[in-house]
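Me: I'd like to learn how to read a structure like this one, feature by feature. Could you walk me through it?

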Amino acid sequence: MDKKKQMQFNLNNFLLSTSIALDFVSMNRYKISLGHSKRVAFIALNIGIKFDLSPEELSDLCSYSLLSSIGLNQSNDDKTFCEISNECAKEFIFLNQNKNILLYQKEKIDGSGIFGLKNEEIPLFSQIIFLARTLDIMYDFGKENIKSRFDAIEFVKENLDIYFSRQIIEKFFECVKDVSFWQDMLNEQDTMMFIYASLYDFTKPLDFEDILKMTTIFHKIENPQSKLIELAQIMSDFYEFEHKDKQTFLIASSLCNIGKLTLGKDLLEKVDELNIYEIEKIKTYPYYTKKILQNIIGFSDITSWAIKIQERLDGSGYVLGLSAKNLNFKDRLLQTLYAYNALREDRVYRELFSHDEAIEILKFEASENRFDITIIEDLEKILKES
């Protein structure tokens, strides 16, 4: 492995970590307990094991399951949700992309689904994920409710040959005979332990550019209009970062807002002035960014930069309250770019600021010792030309 160009990368380790963000989106949409993506993967893997899938197939099934809700933040209808999820999955280069697994994840076996596929026309993985997602959304297996287990089993029986195929149901019924199948879903750590124990370690060297393609997906599903990654690329070229420094800085830029997915659109897009409790809630998102990124293998520097975007040189930022002596050049650069990008975006509560207006606002903040004035002066010159 060329350490200047590559990093050891494990897709399921990455997806299990980032699933925290998607679980908040699912919780806000479906009003279910946290851990939905991992419960979908847990159910899918249990069924996949009953099908005697190969280690490679189980790894793919787990990845698709963890990605199954990725389009939820940008869609309000099932067809768009499936299309966005499937397009996002195509950026995850480890996966077999031949069968449009997430496009068909809501197909019913009788042909009454979104795209009208029937029986064997629907990929096996899509059928498994459909069962797992449907049942967890309806019955929320993250909550201890014995009745809901019986109701779920009865629902499956009633929808034999309508929603679900006989082969899927037979394997599901084999799984539910074991009480640990239900109990392990009540505790996220137990669910995670089962998933990791069921998967082979397919860690391998991956180019930084390929990792960036995958991490950018999470940046865009949180904020499709963001130009932050492009701005980070311009400025890292201006400062002549070496290849590894540039690429890891771009990856940090792509993930620094992932914690915002935990907040919900109602709060982030509120037109009226936020109250004190809502302001404090928004201030939690860098904490969740840290919680999401800190368990990804090889991401220590990336995590360190990403979680400091709301810190300020005078110590008035959040969530750590760091001051100038604790903020290195890349920390300061990403903070400034993040603020500039935010000012240059339209928001529901204000119009975007021009380049000159954004620079003036940042210069005022620098005069109050919150941003690095030398970086702002560079942005003033370089970004005006971009």
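Reply: Let's begin with a definition: buried means under 20% relative accessible area, exposed means over 50%, and partly exposed lies in between (1.4 Å probe, protein chains only). This is a predicted model, where local features need pLDDT of at least 70, side-chain atom pairs count only at pLDDT 80 or more, and totals for chains, interfaces and linings use all residues. Residues are numbered from 1 along each chain as its sequence is written, and side-chain values use heavy atoms, with hydrogens and water left out.

Me: Arg 347 and Glu 345 meet in a salt bridge, so where does each fall, buried or partly exposed?
Reply: Side chains of opposite charge can pair when their charged atoms come close. The rule for a salt bridge here is a side-chain nitrogen of Lys or Arg within 4 Å of a carboxyl oxygen of Asp or Glu. Arg 347 has a relative accessible area of 25%, so it is partly exposed, whereas Glu 345, at 3%, is buried. Their N to O distance is 2.8 Å. Elsewhere, shared partners link Arg 39, Asp 136, Asp 140 and Lys 143 into one salt-bridge network.

Me: How many salt bridges does that rule give?
Reply: The count is 21. One of them joins Lys 270 to Glu 278, with the closest N and O atoms 2.7 Å apart. Lys 270 is partly exposed because its relative accessible area is 24%, while Glu 278 is buried at 18%. Lys 283 also bridges to Glu 280, and there the closest N and O atoms are 3.6 Å apart. Both ends of that pair are partly exposed: Lys 283 at 30% and Glu 280 at 44%.

Me: Now the inside. Which residues touch the most other members of the largest nonpolar core?
Reply: In soluble globular proteins, nonpolar side chains tend to be buried together. A nonpolar core is a set of buried Ala, Val, Leu, Ile, Met, Phe, Trp, Tyr and Cys residues joined through side-chain atoms within 4.5 Å. The largest one has 115 residues, and Phe 92, Phe 299 and Leu 337 touch the most other members. Helix H1 (residues 11–30) supplies the largest share, 9 residues. Helices (H or I, at least four residues) and strands (E, at least two) are DSSP runs, numbered from the N terminus. There's also a second, separate core of 5 residues, Leu 103, Tyr 104, Leu 117 and Ile 122 among them.

Me: What is Phe 299 in contact with, leaving aside neighbours within four places in sequence?
Reply: Contact means heavy atoms within 4.5 Å. For Phe 299 the partners are Met 7, Phe 9, Phe 14, Ile 211, Ile 251, Leu 255 and Leu 293.

Me: Which helices do the buried residues of H12 pack against?
Reply: They pack against H10 (208–222), H11 (228–238), H15 (285–293), H16 (300–306) and H17 (329–343). Of the 13 residues of H12, 10 are buried, so the rest of the structure largely encloses this helix. The buried ones include Lys 246, Gln 247 and Ser 253.
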